[in-house]
Amino acid sequence: MFPDRTEPESNRRRRPGVIASALALGVSLILISGCGDLSHDELNRGVESLSALAAQGELIANGVARDATKSTYSRVMAKTLGGEAEHEAEKLADAEPEAAVKSERHAAVQVAGELASLFSELQTFPGDEHHGALVEKHLGEVKEQADAIVARLTGEPAQ
């Protein structure tokens with residue numbers, strides 16, 4: 001844990017370089033692994049996440065529309081969920097899709113972008129009932145789009 005005081009000074013100085021090299025290698029591996037091939041299953045999981053985000057957003061927007069939610073809560077939750085939608089859009093856009101899921105990946109990125117935009121609207125107008133109702137309606141439509149992508153990926157009927 002502590003440097004051996006009997007060890008020559010030159011050996012003790014080399015350790016920080018070794019540690020820095022190991023850290024650089026670790027960071028490189030993490031960055032490289034972040035953007036890889038996008039499989040059918042990975043895309044499906046990502047789109048299911050988008051559908052869940054839309055459902056959560058609908059609940060918040062419904063509270064805004066009914067004037068039943070504090071503006072601070074609505075704003076913070078919209079910011080959080082919008083950030084998650086943006087992150088999912090970035091992950092999907094950065095990954096190289098398998099040929100079989102290329103068009104569905106594009107549709108999923110569009111859904112994620114639309115979600116982020118709707119959450120931004122809710123964040124901007126967290127106490128406006130009219131905006132809340134409109135955002136709730138649009139989030140429902142985006143959720144249906146996400147569910148349709150999942151249905152196409154899984155071959156099962158949309159819910």
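This is a predicted model: local features need pLDDT of at least 70, side-chain atom pairs count only at pLDDT 80 or more; totals for chains, interfaces and linings use all residues.
At 13% relative accessibility, D147 counts as buried, where buried means under 20% relative accessible area, exposed means over 50%, and partly exposed lies in between, with a 1.4 Å probe and protein chains only. Residues are numbered from 1 along each chain as its sequence is written, and side-chain values use heavy atoms, with hydrogens and water left out.

The protein chain contains 5 helices and 2 strands, and helices (H or I, at least four residues) and strands (E, at least two) are DSSP runs numbered from the N terminus. Read from the N terminus on, these elements follow the order α-β-α-α-β-α-α. Of the 159 residues of the protein chain, 31% count as buried, and the chain exposes about 9,900 Å², of which carbon and sulfur atoms supply 55%; accessible areas come from the Shrake-Rupley method with a 1.4 Å probe, and for residues only the protein chains shown count as cover. Among the contacts in the protein chain with a separation of 6 or more, 77% are accounted for by residues 24 or more positions apart, a contact being heavy atoms within 4.5 Å.

Spanning residues 102–124, helix 4 has 23 residues and reaches 33 Å from its first C-alpha to its last, close to the 33 Å expected at 1.5 Å a residue, where the expected span is 1.5 Å times one less than the number of residues. Its buried residues are E104, R105, A107, A108, V111, A112, L115, A116, L118, F119 and L122.

Not counting residues up to four places away in sequence, L122 touches G57, I60, A61, V64, A78, G132 and V135.

With a relative accessibility of 1%, A54 counts as buried, and, with residues up to four places away in sequence left out, A54 touches L115, L139 and K143. The C-alpha atoms of A54 and E144 are separated by 9.2 Å, although the two residues are 90 residues apart along the chain. A second pairing of this kind involves L134, which lies in helix 5 (residues 129–154) and counts as partly exposed at 37% relative accessibility. L134 and N62 are 72 residues apart in sequence and 9.5 Å apart in space, C-alpha to C-alpha.

D147, the residue named at the outset, forms a salt bridge with K143, the closest N and O atoms being 2.8 Å apart. Because D147 and K143 are 4 residues apart in helix 5, about one helical turn separates them. An α-helix has 3.6 residues a turn, so residues three or four places apart point the same way.

In helix 3, K91 and E88 are 3 residues apart, and therefore also separated by about one helical turn; their side chains meet in a salt bridge (3.4 Å, N to O). K91 counts as partly exposed at 43% relative accessibility, whereas E88 counts as buried at 9%. Leaving aside its neighbours within four places in sequence, E88 is in contact with G46, S49 and L50.

The side chains of R152 and E104 also meet in a salt bridge (2.9 Å, N to O). This pair links distant parts of the chain, with R152 in helix 5 and E104 in helix 4, 48 residues apart. E104 counts as buried at 14% relative accessibility.

The last stop is D67, in the loop between helix 2 (40–65) and helix 3 (71–94). D67 has a positive phi of about 55° although it is not a glycine, and D67 is exposed, with a relative accessible area of 52%.

Conventions: A salt bridge is a side-chain nitrogen of Lys or Arg within 4 Å of a carboxyl oxygen of Asp or Glu.
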